[in-house]
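Subject: Model to look at

Hi,

Here is the structure I promised to pass on.

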Amino acid sequence: MLDRTLNTIFFESLSHTNTLLNGLNELRLKGHLIDITLKANGRSFRAHRAVLASCSEYFRAMFTDAMKESQQKEISLNGVTAAGIELLLEYAYTSKLELNLANVQDVLSAASHIQLEAVVEACSNYLQSQLDVDNCVDIVSIAEMYSLDKLRQRVYRFICAHLSEFVKTHEISVLARHQLEHILACDYPVDCSEIVVLNTVLQWIKKSEKTLHDARMCNRLLGLVRLAEVTAADVERTLQSVGFSSSNSLYALTKSLAQTQKRLAVVPTSNNSDNALINSRGMELALVKVGGFGLEGITNDITYYLPSVKKWRHLTSIPHVEQCNYGIATLRNELYVVGGCYNVCLKEYMHPFGFRFSPMSNSWTTIAPMQQDRCRFSLNFVGEFLYAVGGASEMDDVEDMEAVDLPDQQQGATAECYDPSTDKWTYIPMLPGNRTQHAGAAQDHYLYISGGLDRHRVLSSFYRYNTKMQVWEQLTPMLTPRADHMMVSINERIYVCGGWTERSMADTRTLIDTIDVYNKDSCTWEVVTHIPTPRFHAGIVAVNTKIYIIGGFYSDSMFDLTRSVIECYDVESNQWTSVERYPQNIWECNCIGLYIPKCRDDMEVIVDSEDF
């Protein structure tokens with residue numbers, strides 16, 4: 001008797017889609033089952049209604065709704081080219097499309113007309129990939145014509161990011177008024193000073209006879225230039241170089257607007273000279289957390305906090321194996337990460353390598369390695385030069401120090417200087433005594449070094465290095481020996497913050513809850529405030545006139561976490577405030593102030609650990 005049990009299987013042919021498309025295209029090429037003819041520019045193209053309707057909302061509505069075209073055998077497509085329709089039919093039947101600069105506008109025009117969104121997006125992506133300073137105005141005009149908002153934003157961001165090069169090309173002369181106005185108003189980062197922006201606007205106005213004699217429009221365009229960032233002398237020189245004399249109305253208008261903007265102080269500035277920007281457009285000073293440890297272990301992630309957004313977001317990652325105890329510093333708003341150590345099979349390895357990150361280009365580059373590996377050292381810019389001082393090194397174990405190319409000096413902490421213009425490190429005179437886990441800060445042409453460890457002894461000593469005379473000078477010691485602390489320079493004053501010391505009687509580490517300031521005139525120290533929540537291994541940084549303390553431990557136990565509380569001390573108001581906490585538990589992180597573009601694409605918010 002036949003078993004009536006059904007043994008069901010499901011079959012799916014992976015090649016069926018290609019078989020179907022190949023079959024439909026063959027029918028089209030042979031003219032079989034054709035039921036519609038498209039006409040464009042006097043040329044005719046035969047096709048199948050079902051194929052066109054399946055991939056185009058335009059044709060689906062035309063052939064299925066009560067429209068007269070649904071009964072017609074021929075459809076005239078006005079406003080599109082025959083070349084564009086031919087390529088789109090090829091795509092509809094083969095899923096393949098060949099784009100180049102000669103045909104992309106024909107394809108885009110036809111795809112927009114018949115609502116082939118996938119092709120519109122492909123054209124937009126292609127145009128973006130071909131973007132350069134010599135075709136950007138044409139591409140942004142195409143984006144505006146076909147309402148490609150994403151492409152339009154990308155092109156304007158590109159123009160701003162390459163403005164110094166763009167203004168030297170012919171493209172500036174074909175820029176429409178509304179396009180120039182958008183470049184000035186969009187607040188995207190630019191790669192040139194505001195004096196170049198002013199020069200560009202004046203040159204453009206001078207070439208546009210219509211705008212030149214329209215006082216209202218001149219006022220509007222010049223009002224979008226951040227004249228508060230330009231000195232009066234530079235305004236004067238620029239007006240004269242473009243050809244406007246003091247008797248010209250545009251000359252008087254520009255000078256008046258510059259005075260008004262300076263009086264209103266519409267452009268915020270930072271007192272952090274290490275982070276001096278070429279231009280503040282599209283940038284915001286952020287609190288940046290670099291690396292550190294979390295509940296999942298060591299991380300190379302770099303995150304940032306914009307005051308305008310009030311959320312922590314991912315910025316980038318250090319391009320190296322997970323590491324810690326490195327030095328960080330900034331110059332011209334670029335972040336330098338140098339040295340450090342990493343673990344392999346529970347053994348600590350130190351290294352001398354360095355990396356530089358540009359927030360403007362969102363890219364990393366390598367710099368020359370230090371002459372010796374270092375971790376738990378200080379890294380600071382003094383003027384244009386980067387100084388690495390002390391720290392632990394594999395060279396500490398080298399017995400034959402004559403084989404090492406060190407300065408001819410008494411025993412001490414080695415130090416070296418990096419010149420970004422030559423990408424070279426050179427040794428400088430040693431800092432007297434061994435020193436790790438100390439702090440460094442720069443002011444004028446001096447490098448200050450405070451505290452740290454000499455093997456197992458916590459130091460209170462305070463030195464400064466005169467970079468002009470190339471000599472170390474011992475200053476008045478700190479009030480309390482400190483290690484793992486931070487030293488910052490604010491308004492010509494030196495502050496030391498946090499850290500710990502050892503009580504010799506109990507041989508235990510004790511947190512230091514004060515922020516002390518050094519008076520250069522009297523060569524004395526004084527306590528200025530007490531930290532509300534003192535902690536071990538916190539990240540400490542000065543951003544403008546505020547000192548931020550992030551994460552760490554309440555006690556000398558890694559299980560006594562602070563829940564990453566962020567406290568802020570304003571040195572001008574002498575007030576403490578709390579900032580929204582870091583969303584994850586962190587310790588032994590580095591922190592720094594850095595200007596970040598406000599229009600970044602990868603605005604990934606850091607997930608709060610309490611959500612799990």
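Below is what turned up, from the overall fold down to the cavities and a pocket.

A quick word on provenance: this is a predicted model, so local features need pLDDT of at least 70 and side-chain atom pairs count only at pLDDT 80 or more, while totals for chains, interfaces and linings use all residues. Residues are numbered from 1 along each chain as its sequence is written, and side-chain values use heavy atoms, with hydrogens and water left out.

Overall, the chain has 15 helices and 33 strands (DSSP runs numbered from the N terminus: H or I of at least four residues for helices, E of at least two for strands). Its C-alpha trace spans about 105 × 100 × 50 Å along the principal axes.

Helix 1 (residues 16-30) packs against helix 4 at an angle of about 140°, the axes being 8 Å apart (axes are lines fitted to C-alpha atoms, for helices over the stretch in contact, and angles run from 0 to 180 degrees between N-to-C directions). That makes helix 1 oblique to helix 4 (under 35 degrees is roughly parallel, over 145 roughly antiparallel, 65 to 115 roughly perpendicular and the rest oblique). On the helix 1 side, Leu 21, Leu 24, Asn 25 and Arg 28 meet Leu 89, Glu 90, Ala 92, Tyr 93 and Thr 94 of helix 4 (contact means heavy atoms within 4.5 Å). By class, this contact has five nonpolar, two polar and two charged residues (Ala, Val, Leu, Ile, Met, Phe, Trp, Tyr, Cys and Pro are nonpolar, Asp, Glu, Lys and Arg charged, the others, Gly among them, polar).

Helix 5 (residues 104-113) packs on helix 4 at about 75°, with the axes 8 Å apart, so helix 4 and helix 5 are roughly perpendicular. Here Ala 83, Gly 84, Ile 85, Leu 87 and Leu 88 of helix 4 meet Asp 106, Val 107, Ala 110 and Ala 111 of helix 5.

The largest cavity holds about 50 Å³ (the space filled by probe spheres set on the points, which are joined across faces, edges and corners). Helix 4 gives the largest share of its lining, four residues, and that lining has 10 nonpolar, no polar and no charged residues.

The second largest cavity is about 50 Å³ too. Helix 10 (177-185) is one of the helices that supply at least two lining residues, and helix 10 gives the most, three. Thr 200 is among the lining residues, which divide into eight nonpolar, one polar and no charged.

Finally, the second largest pocket holds about 790 Å³. Of its 28 lining residues, Ala 161, Pro 359, Met 360, Ser 361 and Pro 597 are the closest to its centre. Helix 8 (residues 149-161) gives the most, four residues.

Cheers

Definitions and conventions
On a 1 Å grid over the protein atoms alone, a cavity is a set of points where a 1.4 Å probe fits but cannot get out, and a pocket is an open set with protein on both sides within 12 Å along at least five of seven lines; lining residues have an atom within 4 Å of a point.
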